[in-house]
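Subject: Structure handover

Hi,

Here is the structure I said I would pass on. Have a look at it first, and then read on for my notes.

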Amino acid sequence: MLTYFAVGLALSMDAFAVSVSAAMCGTPLSRVHMARAAASFGFFQFAMPIAGWYLGSAFKSYIQEFDHWLAFALLAFVGGKMILEAIKARDPASCPDPEEAKPHGITRLDSLLLLSFATSLDAMAVGLSYNLIGAPILAPSLVIGLTTLSTCALGLRFGKGLKRLFEEWAEIAGGAVLVLIGAKILLEHLIGRI
């Protein structure tokens with residue numbers, strides 16, 4: 001069980017960093033948004049190892065070829081969009097009335113699902129490896145999902161507190177963090193091949 005928790009903690013770090021970053025940025029988060037975000041990250045981290053386990057070793061070679069590129073592209077897209085929106089918002093003429101501002105970031109379901117998926121691709125690879133060694137998957141997936149849910153809930157609270165300190169630069173910093181997380185995922189896979 002301790003091994004499952006350690007794996008869950010390791011896998012949840014990208015989602016934790018995204019949670020902190022997202023809470024620092026954009027639309028203020030309500031408790032509902034925070035609960036939905038933590039649940040989404042936790043669910044994807046629970047479901048992806050199971051999906052990987054069932055896909056088995058036959059699919060492993062396919063996903064390993066592009067998972068890091070997909071994660072990088074998704075995180076760079078969302079992070080870049082956040083940076084552009086923050087730069088645009090610095091121009092007072094382009095700022096909409098806060099009452100009329102559209103939600104963005106993890107308050108939008110499509111962005112939240114994209115981020116949840118991007119940060120859980122490694123969890124699918126873990127499921128594939130569990131299949132290869134003949135290990136069960138339900139208990140590890142449950143621990144991984146609950147660990148991620150918990151760490152993301154903490155990350156969202158922490159990021160919300162940081163937003164108060166760095167209000168003016170929070171969205172640019174948050175977008176940059178997402179791009180850097182994507183680059184880290186890509187570099188880890190590319191360097192691992194050397």
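Helices (H or I, at least four residues) and strands (E, at least two) are taken as DSSP runs and numbered from the N terminus.

Some ground rules before the rest. This is a predicted model, so to speak of a local feature I needed pLDDT of at least 70, and side-chain atom pairs count only at pLDDT 80 or more, while totals for chains, interfaces and linings use all residues. Residues are numbered from 1 along each chain as its sequence is written, and side-chain values use heavy atoms, with hydrogens and water left out.

**Overall layout**

The chain has six helices and zero strands. Read from the N terminus, the elements go α-α-α-α-α-α. Of the 194 residues in the chain, 41% are buried; buried means under 20% relative accessible area, exposed over 50%, and partly exposed in between (1.4 Å probe, protein chains only). For contacts, the cut-off is heavy atoms within 4.5 Å. Taking contacts between residues at least 6 apart in sequence, 94% join residues at least 24 apart.

**The core**

A nonpolar core here is a set of buried Ala, Val, Leu, Ile, Met, Phe, Trp, Tyr and Cys residues joined through side-chain atoms within 4.5 Å. The largest one has 30 residues, and V18, L29, F41, I106, L115 and L156 are those with the most contacts inside it. Two or more residues come from each of α1 (2-24), α2 (31-89), α3 (109-118), α4 (121-132), α5 (138-165) and α6 (170-192). The largest share, eight residues, is given by α2.

Not counting residues up to four places away in sequence, L156 touches S19, A23, L29, M34, A37, A38 and I106.

**α1 against α4**

Two packed helices are described by the angle between their axes and the distance between the axes. For α1 and α4, the angle is about 150 degrees and the axes are 10 Å apart. Axes are lines fitted to C-alpha atoms, for helices over the stretch in contact, and angles run from 0 to 180 degrees between N-to-C directions. The two helices are therefore roughly antiparallel to each other (under 35 degrees counts as roughly parallel, over 145 as roughly antiparallel, 65 to 115 as roughly perpendicular and the rest as oblique).

Where do α1 and α4 meet? Y4, V7, L11 and D14 on the α1 side meet D122, A123, V126 and Y130 on the α4 side. By class, that contact has six nonpolar, no polar and two charged residues. The classes are nonpolar for Ala, Val, Leu, Ile, Met, Phe, Trp, Tyr, Cys and Pro, charged for Asp, Glu, Lys and Arg, and polar for the others, Gly among them.

**Aromatic pairs**

Searching the whole structure gives three aromatic pairs. Rings of Phe, Tyr and Trp (its six-membered ring) pair if their centres lie within 6.5 Å; planes under 30 degrees apart are stacked, over 60 edge-to-face and the rest tilted. One of the pairs is Y4 with Y130, tilted, at 6.5 Å centre to centre and 45 degrees between the planes. Y4 sits in helix α1 and Y130 in helix α4, so this pair ties together parts that are 126 residues apart in sequence. Y130 is buried, at 10% relative accessible area.

F43 and F44 have ring centres 6.0 Å apart and planes at 85 degrees, so their pair is edge-to-face. F44 is buried too, with a relative accessible area of 17%.

**A few single residues**

- M124 is buried, at 9% relative accessible area, and its C-alpha is 9.5 Å from that of D67, 57 residues away along the chain.
- P28 lies in the loop between α1 and α2 and is exposed, at 63%. Leaving aside neighbours within four places in sequence, P28 contacts H33, T107 and K163.
- R108 is in the loop between α2 and α3 and counts as partly exposed, at 33% relative accessibility.
- L9 lies in helix α1.

Cheers
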